[in-house]
Structure formats: structure tokens, C-alpha cells
Amino acid sequence: MKVINNIDKVFKQITGRAEIALKAAAIHAESAVTAVTPVDHGNLRRSNSHRIEKQDGQVVAKVGNSAEYAPFVHNGTGEFAKNGKGRSGGWSYKDEEGKWHHTMGAKPQPFIQKTLRRESANIQTIIAKNMKG
């Protein structure tokens, strides 16, 4: 009796299918995040992205925003900052036209976190359908 070991082949097929499933889910998630990004156009909206990575034998999808100021929009600033880590007392700044402004900060707009939670069931459905493929 000859025993054939196809574990590596099966593992490659499952991993390949998982990459396809996560890519489809990440594209959906990125699109949903972009639709609710708190601007009508511009850099923040264009900076939403996704990527698929292999980490410690697992396939991982990441959805986020690469704009330098995205964390400040998402988590808030000043007295409104998430986790109370913002500057208190406010601050003043001069705009490009030389006019002075005072602010206490900006309230958080967790557009990524809220969207991914809201889309969780849809994301799971997309992954399940693609894994069956």
C-alpha cells in the first residue's frame, strides 16, 4: 500500500482561497470606509487603502488610511481626543491669510472603526462565499 501525502498541496489551496476571500472582503471594506470618510473629496478620502499580508502562517487583511492626519480625524484632538490624551485648554494658530483662530480641538470621527463594525456581517458573508468557491 502506497500512502500519498498531499498536506502541502491542500494547505496551498486553502491559503490561496483565503487570500482571494480576504482580498474581496478588503475591497468591500475599503469601499464602505471611503463612502463615509468625513470629507467630500481630497487627500483623506484618497488615502483609504487595503492590503493582504501573510503573518506567522496566517493571511491577514488590513484596511486603513495612510494620510498623516487621519489618526487625528479618527480619534479627535485636544479636549475631545479619544482616551483623554489630547491637549487641554485649547490653542491658537494663524492661518495662511494671517487670521488668528482658537480651538479646543476636534471631536473624534471614527469612520474606519464604525464602518468595519457595521459591515462585519457583510464581510463574513463575502469571506464565506469566496472560501466555498
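Asn-65 is buried in this predicted model. Its relative accessible area is 17%. That value falls under the 20% limit, so Asn-65 counts as buried. The residue sits in strand β2. A polar side-chain atom of Asn-65 lies 2.7 Å from the backbone oxygen of Leu-44. The side chain of Asn-65 also reaches the backbone nitrogen of Ala-67, at 2.8 Å. Contacts with residues beyond four places in sequence were also listed. For Asn-65 these are Leu-44, Ser-47, Asn-48, Ala-70, Phe-111 and Ile-112.

Val-33 is another buried residue, with a relative accessible area of 1%. It belongs to helix α1. Beyond its neighbours within four places in sequence, Val-33 touches Asn-48, Val-63, Phe-111, Ile-112, Thr-115 and Leu-116. Gly-98 is 65 residues from Val-33 along the chain. The C-alpha atoms of Val-33 and Gly-98 are separated by 35 Å.

Helix α1 itself spans residues 7–36, a run of 30 residues. From its first C-alpha to its last, helix α1 reaches 43 Å. This is close to the 44 Å expected at 1.5 Å a residue. Which residues of α1 are buried? They are Thr-15, Ala-18, Ala-21, Leu-22, Ala-25, Ala-26, Ala-29, Glu-30, Ala-32 and Val-33.

Charged side chains were examined next. Side chains of opposite charge can pair when their charged atoms come close. How many salt bridges does a search of the whole structure find? The search finds four. One of them joins the side chains of Glu-19 and Lys-54, with 3.1 Å from N to O. Glu-19 lies in helix α1 and Lys-54 in strand β1, so this pair ties together parts that are 35 residues apart in sequence. Glu-19 is partly exposed, at 29% relative accessible area. Lys-54 counts as exposed, at 60% relative accessibility.

Glu-53 takes part in two of the bridges described here. The side chains of Arg-51 and Glu-53 meet at 2.4 Å, N to O. Arg-51 is partly exposed, at 48% relative accessibility. The side chains of Lys-62 and Glu-53 meet at 3.2 Å, N to O. Lys-62 is partly exposed as well, at 31% relative accessibility. Through shared partners, these salt bridges join Arg-51, Glu-53 and Lys-62 into one network.

Aromatic rings were searched for in the whole structure. The search finds zero aromatic pairs. A ring does meet a charged side chain, however: Arg-87 lies over the face of Trp-91. The distance from Arg-87 to the ring centre is 4.7 Å.

Conventions: Residues numbered from 1 in each chain as written. Predicted model: local features only at pLDDT ≥ 70, side-chain atom pairs only at ≥ 80, totals over all residues. Heavy atoms only, no water. Helix = DSSP H or I, 4+ residues; strand = E, 2+ residues; numbered from the N terminus. Expected span 1.5 Å × (residues − 1). Buried < 20%, exposed > 50% of the residue type's maximum accessible area, 1.4 Å probe, protein only. Polar contact = N/O pair within 3.5 Å; in protein donor to acceptor, adjacent residues only side chain to side chain. Contact = heavy atoms within 4.5 Å. Phe/Tyr/Trp six-rings, centres within 6.5 Å; stacked < 30°, edge-to-face > 60°. Lys NZ or Arg CZ within 6 Å of the ring centre and 35° of its normal.
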